[in-house]
Number of protein chains: 2
Amino acid sequence: MAVQKPSIPKGTRDFGQKEMARRNYIFDTIRSVFCSFGYQQIETPAMENLSTLLGKYGEEGDKLLFRILNSGDAFAGVDFDKPLTPQICEKGLRYDLTVPFARYVVQHQNEISFPFKRYQIQPVWRADRPQKGRYREFYQCDVDVIGSRSQVNELELVQMVDAVFSKLGVRVGIHINNRKVLTGFAEIAGAPDKVVDITVAIDKLDKIGLEKVKEEMAEKGLEASGIAVIEQILQLSGSFEEKLASMRALFQGGSASGIGSEEGLKGLDELEELFGLISAASVSQPVQLDLSLARGLNYYTGAIFEVKALDWEIGSICGGGRYDNLTGIFGLPDLSGVGISFGADRIYDVLTGLELFPASLESSPRLLFAVMGADELRYVLPVAAQLRAAGVAVEVYPEATKLKKQFDYADKKAIPFISINGSNEMEASTVNIKNLVTGQQQAFPAADLPAILKFLK
Amino acid sequence: MAVQKPSIPKGTRDFGQKEMARRNYIFDTIRSVFCSFGYQQIETPAMENLSTLLGKYGEEGDKLLFRILNSGDAFAGVDFDKPLTPQICEKGLRYDLTVPFARYVVQHQNEISFPFKRYQIQPVWRADRPQKGRYREFYQCDVDVIGSRSQVNELELVQMVDAVFSKLGVRVGIHINNRKVLTGFAEIAGAPDKVVDITVAIDKLDKIGLEKVKEEMAEKGLEASGIAVIEQILQLSGSFEEKLASMRALFQGGSASGIGSEEGLKGLDELEELFGLISAASVSQPVQLDLSLARGLNYYTGAIFEVKALDWEIGSICGGGRYDNLTGIFGLPDLSGVGISFGADRIYDVLTGLELFPASLESSPRLLFAVMGADELRYVLPVAAQLRAAGVAVEVYPEATKLKKQFDYADKKAIPFISINGSNEMEASTVNIKNLVTGQQQAFPAADLPAILKFLK
């Protein structure tokens, strides 16, 4: 009987040893930075009630939820004249970490001390059409603080981004924008409903030029006075401070439309404070105001962040922003929060592309004891145990088989040292260790652990 | 409008900061031991094709699988006259880590170098009726080696159990049995189909006494000569070596039935080799032959392991055994493997009960900079950054609010040190740090990082 070779659902992945070592390296680095800022980890269940998930990601998002069939007889008592899915599925797999976080905060509000600084690294599932770089199961890595409106929180996120990528050796640009400023632009252009169009226009200036942008704005229905305001915004230039001053003048009613914007001014205050804090804290990677940053305009209410690798073309590898009403959907209003999410898969690709993974990740065991027979095996067992107790990863080949096979095994697992011992070594109470990279070989008294450790370094 | 307080599906859990710190401590300890033996981590998707999962866990297991509704319109083209579930669900959540591991080995057999030593720490899902200590989502923590029949593998599992629980500070008893010996008992009792009954009988001797055991065996349909053999087995006593010798005699045809058992003899050889290796490698926790150990009799073919905490009553906290045909179900026969699984939830309960979690897990941040105003904030930011760069977890309170509130925050997060700085400190370029446990307080030059680090130790 031919058995079909097994496979996994499309859009999902197995991670082998090498990928896991690399992924753990990324997660451990991120985790250590989060911890150094006092952020603490939580985990939520893979399954949430659909009542928690539905309606939180738009109509499209609802369709992309993986639903779990009710256990037992899912069709018992079902009315076949009504829509079936809601009757047979009460649970779904989490779609992101944000909604479960909001649910967590509301559910545990009496145990939490605010401001609540949490991080969460867990997989999420989306029934997206799988394609290159888009999976149906992938890890998200979110860090948020909720219950404080202070710009110190935004600063900390920037500091954490800086620390993570500095530790990983990746040069990044940290782009910052502010939703209130974008709202201000739309307000003084007399088109408060055209925030997205205006932000997109700002982004297009370099590519299509001023005239084309103005044409496009007209097509989008912007009045002449509004277009004149857009032109003023597009001509913003100079240092951060100079841009800030120009924008302040515009928001104070000095734009072509003569309309002012309180919201825009608030946004400028936030930006000014944040950039002031950033320079006080000295961040090593470049941070820049990016007025074209238009991420999450449906839910962000203040700062908007995006991080790009400077030496590898891949789009955003990290992003986030401030939201003012995340927990409102679950009945707990007026909690402001700010957070960012690290894109583990893209960071993985950047580190791979730039060859930035430490070589030490490749070979987890350091030494293989080859085995020639039962007596030789018993002879090396205590030595192996001592080395492990001293913190060295050591393998003992489990079979007294051909040496060629044992060497192949060391080679495939990239184990850099091999120890082969026979009757001579046993009589002399020595262990013979060979560096498979340099070819250097040496015999040590079996009891001389320090010398062996030094050789294995 | 009253919004219902959100909840999570029954049988699932949220893990807060404290629980996560403790769980990570357990997993990190286990992981470090696995690594020191050259085992490497893999991860498989949460979802597997139902064709991979169904029929692997018995009829009851099939019912306990969580099935995932096909995405898109799951009911499109469905024949309502046929069973619906198979038509609308192609995927299920993994039920354990063993079947996905077998699937992984078969699918990736050409990339793997055997013997393949892997570990895997991931959640599994079962639609069991939730009850105390039984969850619908829980982590498994499995370590296996596949592709080698050598008892060195069994030894390593014992060594790893020993190392993990020694590191965690838990005294355990490691119980070992062998499926072939149990088969041998049934064979020489003339009842090869009664392995379970006979093993249960051995287990009951202490509780109900010899006569009752014999009665029960008769009820189970064992012949008189078989019962006489059981009596011989129950009378096995003495040291490990003496028991081994007595069993060898029985399996060589010296039992009351006169029947011998090749399989039983093989099992004894394995046990003898394994216990010899264990004493050569010197294992610190007690290891014992336990002929009543009857775990996994449907799939184990050699060694059977079970680990119990000696100072906390909770049942088995770790168990496993050798299986000869795990990958046969997916078309790759003749690969023998052996593995164990650590029960994370029970280990958590043991460590909690015995108060063995290190106190250091409780307070992840070490120091809180209280904040009195914008200038004071800017003053401490670089100091906080330097301390973090030196490896100390530090928080800066994000708001210039009442000191009482900031002290409460430090208290709730168990942050042991607080630093409060005002105009005096700023003028003198010092930082003032207070140990909240001892009450000791000291001012340091802001630039004297070594002195500050020493105080925070």
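In chain B of this predicted model, helix H8(B) passes helix H9(B) in a left-handed crossing. H8 covers residues 195-219 of chain B and H9 covers residues 224-234. The two pack at an angle of about 145 degrees, and their axes lie 10 Å apart. From H8(B), the residues that take part are B:Ile198, B:Ala201, B:Ile202, B:Leu205, B:Leu210, B:Val213, B:Lys214, B:Met217 and B:Ala218. They meet B:Ile227, B:Ile230, B:Glu231, B:Ile233 and B:Leu234 of H9(B). Sorted by class, this contact holds 12 nonpolar residues, two charged ones and no polar ones.

Two packed helices are described by the angle between their axes and the distance between the axes. Helix H1 of chain B, residues 17-36, packs with helix H6 of chain B, residues 151-168, at an angle of about 140 degrees. The axes of H1(B) and H6(B) are 9 Å apart. The two helices are therefore oblique to each other. Their crossing is right-handed. On the H1(B) side the contact is made by B:Tyr25, B:Thr29, B:Ile30, B:Ser32, B:Val33 and B:Phe34. On the H6(B) side it is made by B:Met160, B:Ala163, B:Val164, B:Lys167 and B:Leu168. The contact of H1(B) with H6(B) has eight nonpolar residues, two polar and one charged.

Another helix of chain B, H5, runs over residues 98-107. Nine of its 10 residues are buried, so H5(B) is largely enclosed by the rest of the structure. The buried residues are B:Val99, B:Pro100, B:Phe101, B:Ala102, B:Arg103, B:Tyr104, B:Val105, B:Val106 and B:Gln107. What do the buried residues of H5(B) pack against? Their partners in chain B are strand S2 (47-49), helix H2 (50-53), strand S5 (116-125), strand S6 (137-146) and strand S10 (316-323).

Chain A can be described as a whole. It has 16 helices and 16 strands. Of the 457 residues of chain A, 57% count as buried. The C-alpha trace of chain A spans about 95 × 65 × 45 Å along its principal axes. Chain A has a radius of gyration of 29 Å, whereas a compact globule of 457 residues would have one near 23 Å. Among the contacts in chain A with a separation of 6 or more, 66% are between residues 24 or more positions apart.

Notes:
Residues numbered from 1 in each chain as written. Chains lettered and ligands numbered in written order. Predicted model: local features only at pLDDT ≥ 70, side-chain atom pairs only at ≥ 80, totals over all residues. Heavy atoms only, no water. Axes fitted to C-alpha atoms, helices over the stretch in contact; angles between N-to-C directions. Helix = DSSP H or I, 4+ residues; strand = E, 2+ residues; numbered from the N terminus. Parallel < 35°, antiparallel > 145°, perpendicular 65-115°, else oblique. Left-handed = near helix turned anticlockwise from the far one by under 90°. Contact = heavy atoms within 4.5 Å. Nonpolar A, V, L, I, M, F, W, Y, C, P; charged D, E, K, R; others polar. Buried < 20%, exposed > 50% of the residue type's maximum accessible area, 1.4 Å probe, protein only. Rg over C-alpha atoms; globule rule 2.2 N^0.38 Å.
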